[in-house]
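Reader: I have a chain on my screen and some questions about it. Can we take them one at a time?

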Amino acid sequence: MIEVLKSSSHFHEVVDRQDHVLIVLFHRQRDPNSTQTRLAYERIVETCCTLVTWATMEFDDWSRVVEEFKITSLPTTLIFVHGVEVERILGARTEEELRRDLAEYL
């Protein structure tokens, strides 16, 4: 299941409650690179069976989070472990590339 984060406060609530891995994809609905990565992300979520929480934020919903986390490109994936950002993945990814990039967390 993918949790859709609608605001900065919702984002922080989800990050703060995590006691394991949280992976958040920041994307824009009409951006082709974001669409490619979002579809790959959704396919991975369907087959992932670990203790990972998956979330997405649409571009228009996260202006405060963008400033706070200095997100400068779309799509961007942030990986949090126990509420602390440990890695970020910038740019479009195929499913294979995304699986490889996330392998240590899955």
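Reader: Is H82 buried or exposed?

Author: This is a predicted model. The relative accessible area of H82 is 55%. The cut-off for exposed is over 50%. H82 is therefore exposed.

Reader: Where is H82 found, and what is its phi?

Author: H82 is in the loop between β4 and β5 (84–90). Most residues other than glycine have a negative phi. H82 is not glycine, yet its phi is positive, near 55°.

Reader: Where is the place of K70, and is K70 buried or exposed?

Author: K70 lies in the loop between α3 and β4. Its phi is positive too, near 55°, and K70 is not glycine. The relative accessibility of K70 is 61%. Over 50% counts as exposed, so K70 is exposed.

Reader: Which bond joins L74 and P75?

Author: P75 sits in the loop between α3 (63–69) and β4 (76–81). Most peptide bonds are trans. Omega between L74 and P75 is about -10°. The bond joining L74 and P75 is a cis peptide bond.

Reader: Which residues is S34 in contact with, leaving aside its neighbours within four places in sequence?

Author: S34 belongs to helix α2 (residues 32–47). Both L74 and P75, the pair joined by the cis bond, touch S34.

Reader: Is S34 buried or exposed? What joins its side chain to that of D31?

Author: S34 has a relative accessible area of 0%. Buried means under 20%, so S34 is buried. Its side chain still has a partner, D31. The two side chains are joined by a polar contact of 2.7 Å.

Reader: Is E46 buried or exposed? How are its C-alpha atom and that of M1 separated?

Author: E46 is also in helix α2. The relative accessibility of E46 is 68%, so it counts as exposed. M1 is 45 residues apart from E46 along the chain. Their C-alpha atoms are separated by 7.6 Å.

Reader: How many residues has the largest nonpolar core? Which element supplies the largest share?

Author: The largest nonpolar core has 15 residues, and V21, I23, Y41, W54, I79, L98 and L102 have the most contacts inside it. At least two residues come from each of β2 (21–27), α2, β3 (52–58) and α4 (95–102). The largest share is 4 residues, supplied by α2.

Reader: Is α2 parallel or oblique to α4?

Author: Two packed helices are described by the angle between their axes and the distance between the axes. The axes of α2 and α4 come within 9 Å and cross at roughly 60°. That angle makes α2 to α4 oblique.

Reader: Which residues make the contact between α2 and α4?

Author: The crossing of α2 past α4 is right-handed. Y41 of α2 and L98 of α4 are in this contact, and both are among the residues with the most contacts inside the largest core. From α2 come T37, A40, Y41, R43, I44 and T47; from α4 come E95, L98 and R99.

Definitions and conventions:
Residues are numbered from 1 along each chain as its sequence is written. This is a predicted model: local features need pLDDT of at least 70, side-chain atom pairs count only at pLDDT 80 or more; totals for chains, interfaces and linings use all residues. Side-chain values use heavy atoms; hydrogens and water are left out. Buried means under 20% relative accessible area, exposed over 50%, partly exposed in between (1.4 Å probe, protein chains only). A polar contact is a pair of N or O atoms within 3.5 Å; within protein, one must be able to donate a hydrogen and the other to accept it, and residues adjacent in sequence count only if both atoms are side-chain atoms. Contact means heavy atoms within 4.5 Å. A nonpolar core is a set of buried Ala, Val, Leu, Ile, Met, Phe, Trp, Tyr and Cys residues joined through side-chain atoms within 4.5 Å. Axes are lines fitted to C-alpha atoms, for helices over the stretch in contact, and angles run from 0 to 180 degrees between N-to-C directions. Angles under 35 degrees count as roughly parallel, over 145 as roughly antiparallel, 65 to 115 as roughly perpendicular and the rest as oblique. A crossing is left-handed if the near helix is turned anticlockwise from the far one by less than a right angle, and right-handed if clockwise.
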